[in-house]
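Dear colleague,

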Amino acid sequence: MSTTAVAPLSIEDAELLVATARRAAEEAGVTVSVSVLDAGGHLLAFRRDDRAVLISGETSTRKAYTALQLNTPTADLGDAVQPGGLFHTLPTALDRPLLFIAGGVPVQRDGRLIGAIGVGGGAPEQDHGFATAAVRALA
């Protein structure tokens with residue numbers, strides 16, 4: 001059985017994701033923080049605008065972590081954490097809390113998970129749009 005290697009998320013990729021998400025947010029007049037994690041959950045790039053609230057940095061990182069762990073955009077997970085949902089008990093089962101608010105998007109290359117981006121600071125739907133725009137720019 002042979003496998004094809006997939007290039008990991010590089011620092012340059014991470015910086016492109018951050019720059020693209022920030023540019024989209026600036027065009028919308030929104031101040032955000034952006035976090036990019038590699039496939040192992042390590043922080044590769046982070047940017048918090050000086051005007052952003054401090055908690056937006058933690059929020060963006062937790063959104064990225066959630067998208068990475070579940071390989072699903074956080075915007076698609078809201079119902080899953082409700083009582084009876086697939087992930088109802090998951091947020092307390094891990095050592096790092098997950099955040100089921102739109103704005104976290106997995107990053108894939110050739111169909112394989114290589115990292116995730118999280119955006120925090122705007123409305124959840126805006127954050128999701130900024131993160132999605134960044135992932136599209138990387139493709």
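The side chain of aspartate 38 reaches the backbone nitrogen of histidine 42 at 2.9 Å, and it also reaches the backbone nitrogen of glycine 40 at 2.9 Å. Both are polar contacts (a pair of N or O atoms within 3.5 Å, where within protein one must be able to donate a hydrogen and the other to accept it, and residues adjacent in sequence count only if both atoms are side-chain atoms).

This is a predicted model, in which local features need pLDDT of at least 70 and side-chain atom pairs count only at pLDDT 80 or more, while totals for chains, interfaces and linings use all residues. Residues are numbered from 1 along each chain as its sequence is written, and side-chain values use heavy atoms, with hydrogens and water left out.

Aspartate 38 is placed in strand β1 (strands are DSSP runs of E, at least two residues, and helices are runs of H or I, at least four, numbered from the N terminus). Aspartate 38 counts as buried because its relative accessibility is 17%, buried meaning under 20% relative accessible area with a 1.4 Å probe and protein chains only. Leaving aside neighbours within four places in sequence, aspartate 38 is in contact (heavy atoms within 4.5 Å) with Leu9, Leu44, Leu68, Ile114 and Gly115.

Turning to helix α1, threonine 20 lies in this helix and is buried, with a relative accessible area of 10%. A polar atom of the threonine 20 side chain lies 2.8 Å from the backbone oxygen of leucine 16, and, again leaving aside neighbours within four places in sequence, threonine 20 is in contact with Ala133, Ala134 and Ala137.

Best regards

Key
Buried means under 20% relative accessible area, exposed over 50%, partly exposed in between (1.4 Å probe, protein chains only).
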